[in-house]
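This report goes through selected sheets, helices and chain contacts of the structure shown below.

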Amino acid sequence: MNATISFDSVLHVVLALVGVAVFVGLNGLLLVYAERKVAGFIQRRPGPYEVGPQGILQAVADALKLIGKQLVRPDRADPLLFWMAPVLAFFPVLLLFLPIPFSPLLTGWDVNLGLLLILAFAGFNVLALLLAGWGSNNKYGLLGAARAVAQSVAYEIPLLLAVLAIAFQEGTLSLSAIVGGQGGMPWQWNIAVQPLAFLIFFVSALGETNRAPFDLPEAESELTAGFHTEYSGMGFGMFFLAEYANMIVACSVCTVLFLGGWKGPFLDGAWWFLAKVYGLLLSMMWFRWTYPRVRFDQLLNLNWRWLLPLGVLNLLATAFVMKL
Amino acid sequence: MASIFRTIADLWSLVVGLGITGKEFCKPGVTVHYPRAEVTPEAAASFRGPIELIGLDKDPAKPKCIACMLCVSACPSNCITVTRAPTPKPTPEELKAMAEAEARGEKPKKPAPPKAPGTWAYDFSLCSLCGSCVEACPVDSIGFSHDIYMVGTKREDFVFDQLARLARKAAARKPEPKPAAKAAPEAATAPAAPVAAPSEPGTATPASEA
Amino acid sequence: MTPDTASVTPDVLLAPLDPAYLADENPARTGLRWSAFLSADALPRAAALLLEAGWHLEDICGLDVREGLMAVYHFDRMTSPGRLAIRVLADRETPVLPSIADIYQGAEWHERETADFYGIAFTGNPNSMPLLLPEGMQGHPLLKDAAARAPLAALLAAQGREDTVLRKAEGFTLLEPAEDAKPAKPAKAKAAATEEGADNA
Amino acid sequence: MHSTETLRSHGPACPAASADGGCADDQIAGDGYTCHFEQGARPESLILNMGPQHPSTHGVLRVLLELDGEYIVRAEPVLGYLHRMHEKMAEVKTPAQFMPNMGRVDYLHALAWNWAYVGAVEKLAGIEIPERAEYLRVITCELNRISSHLLWWGAYLLDLGAFTPIMYAFDDREMLLDLLQLMTGSRLTYSSFRFGGVYTDASPAFVQGVRQFVPHLRSRLPMYTALVTENIILRRRIEEVGVIPQDMVARYGASGPVARGSGIAYDVRRAEPYSVYDRFDYEIPLRHEECSMARYMVRMAEIEQSLRIIEQAVESLPDGEHMHPKAPKPSFKLPAGESYFAVEGARGKIGVWIASDGGKTPYRVKLRAPGFSNLALFAECARGTLLADAVAILGSLDMVIPEIDR
């Protein structure tokens, strides 16, 4: 990391955080809308349609509604943990955006251990889910929290292995350096060299972000709403925002590591980055509205019996090739 | 080992699934955007909505009903209340005839109560649309309406005065320019109109009938 | 279940239990193939025999008749279908029947339902909670007023059944027409009781 | 739903409160069912109330679960939240007045219940039915069976976490409902069979619509298979889950696809042939795996077989009356006697037993609901499975709560 921390760099980070907060907020609205539209189109119905043209303001209306709602805490819930959980779910995510290079100029904080920073702070999410499930003193919440911890811990490992393979290959943990190591053409991206790592990373990212088909902590048809059963209003809204923010982070990192970041066949810039991120986000939604949910033991089996060995093999192969 | 390869082969089904939902994504929607669009009247014609009275051929505002009460007893949910029309006061001629008959020592012929209902109330909130009354009616004076878009905001909205409803319907059907002209633009601008939401759905002429 | 047990007819099967009455019915008229009257004590043994012979329990119907409370067990077979109705009469004052839930586990719910509706206690049923009616509800909704009760013969021994009596114990009079074959006419004042299902006349 | 620990009870005081650690805190005692259930629980178990408001209990079913982690130690369904005492209503209404109730017992296959009641009355009173009406009954009942299976398919996938299939199913079901509306006038709680026939005659539009619908649905079924049936996630979720051996079917009196998924070729249409089913060429789908997937496959195959029946029935639809000229007036009196009539519903054997003493209203009507017996085996079937499996098993039994509660 930068050894000297000047006033300028702190100001830069603070400004970046504000920018990230705005970005996440707007994207949350956009993604909620997009998710519902995608669901609608896949299911041959219009999706949100009434608020604004093509229902574009639906997400805003929903956000206003959530903000306006009374905050309700169950009688026997732990007040501290219950309210800490949504805050803890949402705010650390903002930090994750700092090292992400949207373009060479548009980087919040270009640290050379950016990847490490993201992986470290990503762990906060599971803590939030655990607190939410435990603190709300609800059995469904507890089951959801237990699932969240087991799932999160398990899927972090193949995720790391996939990331490590790229780090090995590029010899750096700085995200902008990783992008710099890739070319503009699709065959110059890391996905062409490391397709298996990409697959492992993407599947693990689905698991880490609790997205279908791995949405077990929530698992509506089994646990009603899992860890956030007792949350309403902005308590729920925070979890909701955090989910989408996490998705963006996962897709951004995926773009940086495997899809060449801001680079494209022509006109390099943030638009390439965003296009790739939204492409990945759309495919995440596509998965959600196509597949049934896996069972918990299958989820862990997939991880421990498939992703983990494959990740290790991939890492060893990478190391071997790099050594050559 | 074989199971490993089978599992990998089975993963292909996930790609197939994505292909199907992806294809459906590109197809146009199949839902009807009520209230901008409504089910066609032909599609609604077979729908058995709340019952209504059927008017006489020569006077559509008067029901065929003869107040025989068969529908009332047939109804499993007691949602029909019919009273007979009051016996009219004898006219002077009739009074004269009665007096004459009495003078002759015959039994005076009093005017019979008319074979028509005085009130015809129908509580749709109790009705199960079984059609027992329609089947029971000996003069085919009860039929199903085809109003599939009926709404109401309170329970009382669904207690209909069927005689008034029939009269309104007959008035709306008459080729008099006033109500017809009023109804026509309403139907034409139906999408813009705040959906039927009439405080008294009984009065709303269903789109299929208009 | 072997093929030969599947073809054993209930009259042979139930013979060791000495049913008070056993008839070969005309399915076209009643939908039943056989009907039998058993004593309450013989019921669990009958159930065990039937389960072994491949019968399954369709339902248990309570019935409130003048002679007392009756439970009708409908059995059927998956192979070689044919319905068997086993009728067991319980005393009205202390309606107790043995449970067959340990033999036919599916009977547990049927028995609890019958207990809800008629107040028949099934001794040995593993769950004493009401099934369909709320906890703590007083009364049993399908019991009839004394005046509305029909004699069993009026229900089950109607003309044209074309059943063939295969066994009939000495002194079995349940299906003999009562002196007043017609059910008692409920009094006019019973109009209010129509909710109770009293209006049978 | 709230667990008992987060919900203050307003119910009767728990008899077991603080006695054996079951309901330790008298302030938060559950209702009688919970207390009764907790008495047999191990102290380290978690008691979970699934329902009566839970996304995958399909209505107001409540299942009490004793959990060890996510494994189910014991399960007990609690019924009665939708109990309407149909059997009592049957005793106070004339048969004609009771008919609308039959559309509301099992709203997904209402016409099968229509048929069971009409059949029992017709058998008891010796009412004849014209041939055309029999054909129309077969056509509409099979259409209704398909619509029930389609909805089940969608809802089951919803239970398993796939949100899209139900919308595709509804797309096709919508056409079915349009067709059934032409015949019955309503879209869900049909009441169109009458003693001695059917309410309305088939219009040419109906016949034409059915002719078009059969190939349409056939062309859609491969998509269903590719999207869902062959999906590896689904297969892993429901294969070898919820095994119901044949002896369990017999002990609980299960029927319908539950029995046929366990390799028992029992279908009332074949076992006690009624109406004109013996004139059609169709198969009874049978699977021997005994698991949820087997029941799934049986239902999917039944859709195809129903299409076959409909196709043949429409082609050979005879001319004639849709109501028998000697059909009784609605106020007819039932003769004394008893009759039992069974039909094959989408969920299994539907039976109606009527005992009459010759009065205007039946003396006793018993409704045998297939879902009642099918659900009864859930407790035994779910023992030792995971919570997610319980959802899969519950869905594979295809419950319709109003039918079970009656």
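## The three-stranded sheet of chain D

In chain D, strands E6, E7 and E8 form an open sheet in the order E6-E7-E8, and the pairing is antiparallel. Its edges are strand E6 (337-344) and strand E8 (364-368) of chain D, each of which pairs on one side only. Averaged over the sheet and with direction ignored, neighbouring strands are turned by 10 degrees against each other. The model is a predicted one, and these values are computed from it.

Strand E7 of chain D covers residues 349-356 and is joined to E8(D) by 5 bridges in the antiparallel sense. Within this part of the sheet, Trp353(D) has Lys366(D) of E8(D) opposite it.

## Helix H7 of chain D

Helix H7 of chain D spans residues 204-229, 26 residues in total. From its first C-alpha to its last, H7(D) reaches 36 Å, close to the 38 Å expected at 1.5 Å a residue.

Which residues of H7(D) are buried? They are Phe206(D), Gly209(D), Val210(D), Phe213(D), Leu217(D), Tyr224(D), Leu227(D) and Val228(D). The packing partners of these buried residues come from two chains: H2 of chain B on the one hand, and on the other helix H5 (131-159), helix H6 (165-184), helix H8 (232-238) and helix H12 (292-315) of chain D.

## Contact between chains B and D

Chain B contributes 23 residues to its contact with chain D, and chain D contributes 21 residues. On the side of chain B that touches chain D, helix H2 (12-26) and helix H6 (132-136) of chain B each supply at least two residues. The largest share of that side is from H2(B), with 6 residues. H2 of chain B is also among the elements that the buried residues of H7(D) pack against.

By class, the side of chain B that touches chain D consists of 13 nonpolar, 7 polar and 3 charged residues.

## Contact between chains C and D

Between chains C and D, 41 residues of chain C are in contact with 46 residues of chain D. Two or more residues of the side of chain C that touches chain D come from each of strand E3 (55-65) and helix H6 (152-156) of chain C. E3(C) gives the most to this side, namely 6 residues.

The side of chain C that touches chain D divides into 23 nonpolar, 11 polar and 7 charged residues.

E3(C), which gives 6 residues to the side that touches chain D, is joined to E4(C) by 10 bridges in an antiparallel arrangement. The two strands form a hairpin, with 2 residues between E3(C) and E4(C). In this pair, Trp55(C) stands opposite Arg77(C) of E4(C).

Is strand E4 of chain C mostly covered or mostly uncovered? E4(C), residues 68-77, is mostly covered, with 9 of its 10 residues buried. E4(C) also runs antiparallel to strand E5 of chain C (residues 84-90), to which 7 bridges join it. Ala71(C) faces Val88(C) of E5(C) as its opposite residue. E4(C) and E5(C) form a hairpin with 6 residues between them. In the turn, Ser80(C) has a positive phi of about 40 degrees.

Terms used
Residues numbered from 1 in each chain as written. Chains lettered and ligands numbered in written order. Predicted model: local features only at pLDDT ≥ 70, side-chain atom pairs only at ≥ 80, totals over all residues. Contact = placed C-beta atoms within 7 Å. Helix = DSSP H or I, 4+ residues; strand = E, 2+ residues; numbered from the N terminus. Nonpolar A, V, L, I, M, F, W, Y, C, P; charged D, E, K, R; others polar. Buried ≥ 20, exposed ≤ 12 C-beta atoms within 10 Å, placed from the backbone. Pairing = 2+ DSSP bridges. Expected span 1.5 Å × (residues − 1). Axes fitted to C-alpha atoms, helices over the stretch in contact; angles between N-to-C directions.
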